[in-house]
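Hi,

Here is the structure I said I would pass on to you. Have a look at it first, and my notes follow below.

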Amino acid sequence: MEFLIQDKAHDESRQGEALVLEPNGKHNGRKLYIESYGCAMNFSDSEIVASILADKGFETTQDFNNADVIFINTCSIRENAEVRVRNRLKEFAGAKFKNPGMVVGVLGCMAERLKAKFLEEEKLVDVVVGPDAYRDLPNLIEQVDGGQRAVNVLLSREETYADISPVRLNTNGINAFVSIMRGCDNMCSFCVVPFTRGRERSRDAHSIVAECKDLFDKGYREVTLLGQNVDSYKWSATTAEDGEALTAGAEVQVVNFASLLEMVALIHPDLRVRFSTSHPKDITDEVLYTIARYDNICNYIHLPVQSGNTRVLELMNRTYTRDWYINRIDAIRRIIPNCAISTDIITGFCTETEEEHQETLSMMDYVKYDFAYMFMYSERPGTLAAKRYADDIPEAVKHRRLKEVVAKQQQYSHVRMQESLGRVERVLIEGFSKKSTNDYAGRSDKNAMVVFPVHEDYKPGQYANVLVERCTTATLIGRIIPQTP
Ligand code: 5AD
Ligand code: SF4
């Protein structure tokens, strides 16, 4: 059971979305169907995959029955994510039965986790490709055409796909995700990511800034910089293949996350910058001061706490204590007044007592998070926790604790929404609201969804000042206050 509350980087409504791209003039007569599950990084990776295959002449289709190649980009983070993908593969079996020439491939974290076992277990799967092997896809498809099955799940210490400019799929032309690093070295004991996505590596800062600038020139107005732990981003100009000095601030030789944020913010004041995910152990005051200094870096930080209890945090190998986390929250409040904070919480981790669970609830009282993503602990094979600790909290207890956490979050989400009543929020208009073409929808700096009547002087992609008059549980409702020149 999972609860997800509004955030583009974790948008539940995008799960299983089929991705489509504009034809590029190259044709090999074959059609690709690609759908993605899991985190924003996977959606961003699917854009890289589509880019690699578009270059070989593949076109995309939204109907998998019409496809020559079906790819499913998978997630292993919790068991139910994997169950969902296995069920979906059964649906693809019907299409392949009718068209035996069809190539079916599993990409992403499950591919890495299950490797060749997939080919044996799921008889219809022809290709299994891990997150660092997408450049090999054209060869692997050729192998399958030649009658073989193909696997490449090699993880890399270098691959960042820096030079591949991703085609934007299903885009509104306004928001884009830009991957700044890959992998994770943190080894949180519950998490499969370090195993499925490999060692952490940072992408060339030049290529990130160039991609964001190109997006801005094409009319995009918001970029979300993505990484499993953005605060440990570190790239040095001397490690760049071309050895060129950095153009934006030539004296900077080593680019850390604060300097990268600044370089992206300087592209243009109308380009909003978001990022995800921050790690409490690594988020520095320097990053917070950078956010405070630039109006176009959004006042919104996703800072997963996981648990409010120091002993549980230690078992989780999060490498911070309750006090450390509170110190980071205090620093955010001090340096960036009016900053939205969201979190991830796991209930019922191995050996968690009732008192320790209460400390998670009291942490929520302390921070009063704007949003939270809340999960019951799901043991993942191969992780440190699976090896070291018994998954000993009964399902019913995990569930009850999750319900308590969710109820508390609903209360604070509501409090935070109400704080905006009567305020004017700067909203980037993303398009019409889901319910009506009479209304626009967009997000505030603090990442709250805002809906307001269409105004003839404003178009999607523009900023509007919106007076918030009402709110529902997840949406602010108001009207544009036109700017007087
Ligand atoms: N069980 C439950 N939740 C998990 N997460 C990661 N691994 C697990 C797991 N085994 C959650 C964490 C993380 C978010 C992306 O997913 O809260 O921050
Ligand atoms: Fe997983 Fe921890 Fe890395 Fe996040 S920081 S991806 S939870 S290991």
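By class, six nonpolar, two polar and three charged residues make up the shell around ligand 1. Please keep in mind that this is a predicted model. The residues surrounding ligand 1 are Ile77, Arg78, Phe190, Gln306, Asp344, Ile346, Phe375, Met376, Tyr377, Ser378 and Arg380. Two strands, β17 (340–347) and β18 (371–376), each supply at least two residues of that shell.

An oxygen atom of ligand 1 sits 2.6 Å from an N or O atom in the side chain of aspartate 344. On the backbone side, a nitrogen atom of ligand 1 is 2.7 Å from a polar backbone atom of serine 378, and a backbone N or O atom of phenylalanine 190 lies 3.0 Å from a nitrogen atom of ligand 1. As for cover, ligand 1 taken alone exposes 410 Å², of which the protein buries 88%.

Phe190 also turns up around ligand 2, together with Cys184, Asn186, Met187, Cys188, Cys191, Val193, Pro194, Gln228, His279 and Arg318. This second shell divides into seven nonpolar residues, three polar and one charged.

Now to the protein interior. In soluble globular proteins, nonpolar side chains tend to be buried together. Here the largest nonpolar core has 61 residues, and Leu225, Tyr233, Phe257, Leu260, Val264 and Ile301 are those with the most contacts inside it. Helix α8 (residues 257–265) gives the most to this core, with seven residues. Another core lies apart from it, with 24 residues, among them Ala67, Ala81, Val128 and Val153.

Phenylalanine 257 is worth a click. Leaving aside neighbours within four places in sequence, phenylalanine 257 is in contact with Ile180, Leu225, Val230, Asp231, Tyr233, Phe275 and Val287.

One more residue to look at is arginine 203, in the loop between β11 (201–202) and α7 (205–217). Is arginine 203 buried or exposed? Its relative accessibility is 5%, so arginine 203 counts as buried, the cut-off being under 20%. The side chain of arginine 203 makes a polar contact of 2.9 Å with the side chain of serine 207. Beyond four places in sequence, the residues in contact with arginine 203 include Thr160, Val178, Ile180, Glu211, Tyr233 and Trp235.

Best wishes

Key: Residues numbered from 1 in each chain as written. Chains lettered and ligands numbered in written order. Predicted model: local features only at pLDDT ≥ 70, side-chain atom pairs only at ≥ 80, totals over all residues. Heavy atoms only, no water. Core = buried A, V, L, I, M, F, W, Y, C linked by side-chain atoms within 4.5 Å. Buried < 20%, exposed > 50% of the residue type's maximum accessible area, 1.4 Å probe, protein only. Helix = DSSP H or I, 4+ residues; strand = E, 2+ residues; numbered from the N terminus. Contact = heavy atoms within 4.5 Å. Near = heavy atom within 4 Å. Polar contact = N/O pair within 3.5 Å; in protein donor to acceptor, adjacent residues only side chain to side chain. Areas by Shrake-Rupley, 256 points an atom, 1.4 Å probe, with all protein chains shown as cover. Nonpolar A, V, L, I, M, F, W, Y, C, P; charged D, E, K, R; others polar.
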